[in-house]
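Here's a quick tour of one protein model, written for someone who likes looking at side chains. Have the viewer open as you read.

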Amino acid sequence: MSNDPLLQPFQLKHLTLRNRIMITSHEPAYPEDGMPKDRYRAYHVERAKAGVALTMTAGSAAVSRDSPPVFNNILAWKDEVVGWMKRLVDECHDHGAAVMIQLTHLGRRTRWDKADWLPVVAPSHEREAAHRAFPKRIEDWDITRIIRDFADAAERMKAAGVDGIELEAYGHLLEQFWSPLTNDLDPPYGGSLENRLRFTLEVLQAIRDRCGPEFIVGLRYTGDQMQPGGMTAGEGLQVSQMLRNSGLVDFLNVVRGHIDTDPGLTDVIPVQGMRNAPHLEFAGQIRKATDFPTFHAAKIPDVPTARHAIASGLLDMVGMTRAHMADPHLVRKVIEGREDDIRPCVGANYCLDRIYQGGLAFCLHNAATGREETMPHVIPAATARKRVTIVGAGPAGLEAARVAAERGHEVTVFEAADEPGGQIRLTALDERRREMISIVAWRMAQCEKRGVTFRFNTYAEAEDVLTTTPDEVIIATGGLPHTDVLGQGNDLVCSAWDILSGDVKPGRNVLIFDDAGDHSALQAADLISATGARVEIVTPDRSFSPEVMAMNLVPYMRNLQKRDTTFTVTWRLQSVTRDGNMLRARLGSDYGDFTRDRMVDQVVVNHGTRPLDELYFALKPLSANLGEVDYDALTSGRLQAVHKNPEGRFRLFRIGDAVSARNTHAAIYDALRLVKDL
């Protein structure tokens, strides 16, 4: 038996959890027709077979029709959910992992124009900023109905064989009753804290009456809303003790903060550049005060922090949810003494930001997460060893090198710079985004363990590639900023990259034209405005920075709004001309024949990149496939078999921004799904 605190079992009622690491409830938006079907099951089973003790499914599985999902949640109010959940539970149990599910009624945290177009319901008419719906104030018959819905859903989950359920309170209907900000009801459900907790206790009692005293039931809730007029830490402690003393719950899953706005949500679930484990000590205070099984998760991305949480008695079970999206085999690697091999979560929050914009949750740098049915987390060995030559050591090239090396191939990588990383290295120059460099560092370590040959400071020509006598050539040369977008004055502007790299010093009165909507423009604005300069960000889009998404936007705005920074939407930069010692930037509109002028001393353009593809086109006529990719084979997991040039001695492919400007995830996914079959 290991002495590692993380690997000690934990007894929760009658359930023995094999270690102290769990995946907290979260919704990766994988359900189909509201059901946890094959993709959903494969995602949880991958983590179960790799050693996690407890996987919690379904962040916010809906118990009622009038709690319509806003990001493709499981519909726990449907009877058909039982069969799908049972398949998931049984397969996870086969691998030794316990399974729970989170049930909720969203209350006002949804929209009325979803699903059946039923009114949103809450204990007041106060609207939630994030989802914008003005709710109906809850009536007595709603309370009776929803209590019954909770009990029905819990009974379905018990029939599916789950090891327990967790009710979601914070931000959702249960906590909307708790908080003075969202409950203006008269007694018995409004007024005193005891009255505000009444609805929750009645829900719990109904579940107990239906499912029995042995069924495991917990609650995820905030112990401190950290919001003027909201529930205080003192009230949160009272709630914690009342829940414990009720005898109706078996564990507490504690968070801190509020989620009704993007900034509030981001403080509860911090992103990169924010402090790790910011609420861990607070959760420990709740555990100490209640002497009750306590779970917690909030940016606990690494094993040492998780180990500290258990060893110091702050928690009984530590949640590492995003960390398991980055590396589902995290626990197995801890058990095997391979912590250095754990793919790190870099806090980019690509996963959560995607679901809040209606997409599936994908990890920024693990393209197999959410694609377990088609993409491997453990790379299979090839049947024959090949020589693979890769040009470019950015994220695409490094992933291609890693996967090829794990396949057992002989790999050579050419890189023009003196270090690997490409655009990632430029991004990581920003102190707030320095965690991004782990994307590079982890891949370099994996490549070095497998004997990949790197040739830095080498601007590879066709002859350099041919001297390696390759069987496969992969061009991952990335791209360079494209700023030639104006009718006049292209020579008077610089790129966002120029600012970030330090090649161009910031001006004092700067216009940033952002026609890409990604991080580069905001990073440049952050850097420039920090010098005291005035910055205006202009975009032709209806909203600024649409590619950055909600939670990643928060740290930028906290910096930019305290400085002399403005945002101008629906205007397009047309031209730049000299006017004395200043620049005249003319803005036009896609909506009509309107113009406006700005007098500035610097214009920065962010318009994506254009591929560095000269080497690809030089090698193309020499290749066996003439650069062609069989998309049907690529997307279905079959071998590439295009052979068009009998004189060709190697196959040629290009990936990432060497094809077109996309993002880090796309570059890594390009590499994984191509090279896993080479």
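## Rings, charges and a helix pair

Let's start with a trio of rings: Phe177, Tyr189 and Phe199 make up one aromatic cluster. For pairing, the ring centres of Phe, Tyr or Trp (its six-membered ring) must lie within 6.5 Å; planes under 30 degrees apart are called stacked, over 60 edge-to-face, and the rest tilted. A word on ground rules: this is a predicted model, where local features need pLDDT of at least 70 and side-chain atom pairs count only at pLDDT 80 or more, while totals for chains, interfaces and linings use all residues. Residues are numbered from 1 along each chain as its sequence is written, and side-chain values use heavy atoms, with hydrogens and water left out.

By the pairing rule there are 10 aromatic pairs. One of them joins Tyr30 and Tyr43, edge-to-face, with 5.2 Å from centre to centre and 80° between the planes. Tyr30 sits in the loop between strand 3 (21-23) and helix 1 (38-49), and Tyr43 in helix 1, so this pair ties together parts 13 residues apart in sequence. Helices (H or I, at least four residues) and strands (E, at least two) are DSSP runs, numbered from the N terminus.

Are these two tyrosines buried or exposed? Tyr30 is buried at 2% relative accessibility, and Tyr43 is buried at 0%. Here buried means under 20% relative accessible area, exposed means over 50%, and partly exposed is in between (1.4 Å probe, protein chains only).

Another edge-to-face pair is Tyr616 with Phe617, at 5.0 Å centre to centre and 80° between the planes. Tyr616 is buried at 5% relative accessibility, whereas Phe617 is partly exposed at 42%.

| Charged residue | Ring | Distance to ring centre |
|---|---|---|
| Arg39 | Tyr30 | 5.8 Å |
| Arg371 | Phe362 | 3.9 Å |

Now for some helix packing. Helix 13 (residues 395-407) packs against helix 22 (residues 664-675) at an angle of about 25°, the axes being 8 Å apart. Axes are lines fitted to C-alpha atoms, for helices over the stretch in contact, and angles run from 0 to 180 degrees between N-to-C directions. Residues making the contact include Ala396, Ala400 and Ala404 of helix 13 and Ala667, Ala671 and Val675 of helix 22. Contact means heavy atoms within 4.5 Å.

Arg87 is in helix 2 (residues 81-94) and is partly exposed at 41% relative accessibility. Leaving aside residues up to four places away in sequence, Arg87 touches Asp38 and Arg41.

The peptide bond from Pro187 to Pro188 is cis, with omega near 15°, and Pro188 is in the loop between helix 4 (173-178) and helix 5 (193-211). Ala58, though not a glycine, has a positive phi of about 60°; Ala58 lies in strand 4 (residues 54-62) and is buried at 0% relative accessible area. Asn457 also has a positive phi, near 55°, but Asn457 is exposed at 57%.

Definitions and conventions:
A charge sits over a ring if NZ of Lys or CZ of Arg is within 6 Å of the ring centre and within 35 degrees of the ring normal.
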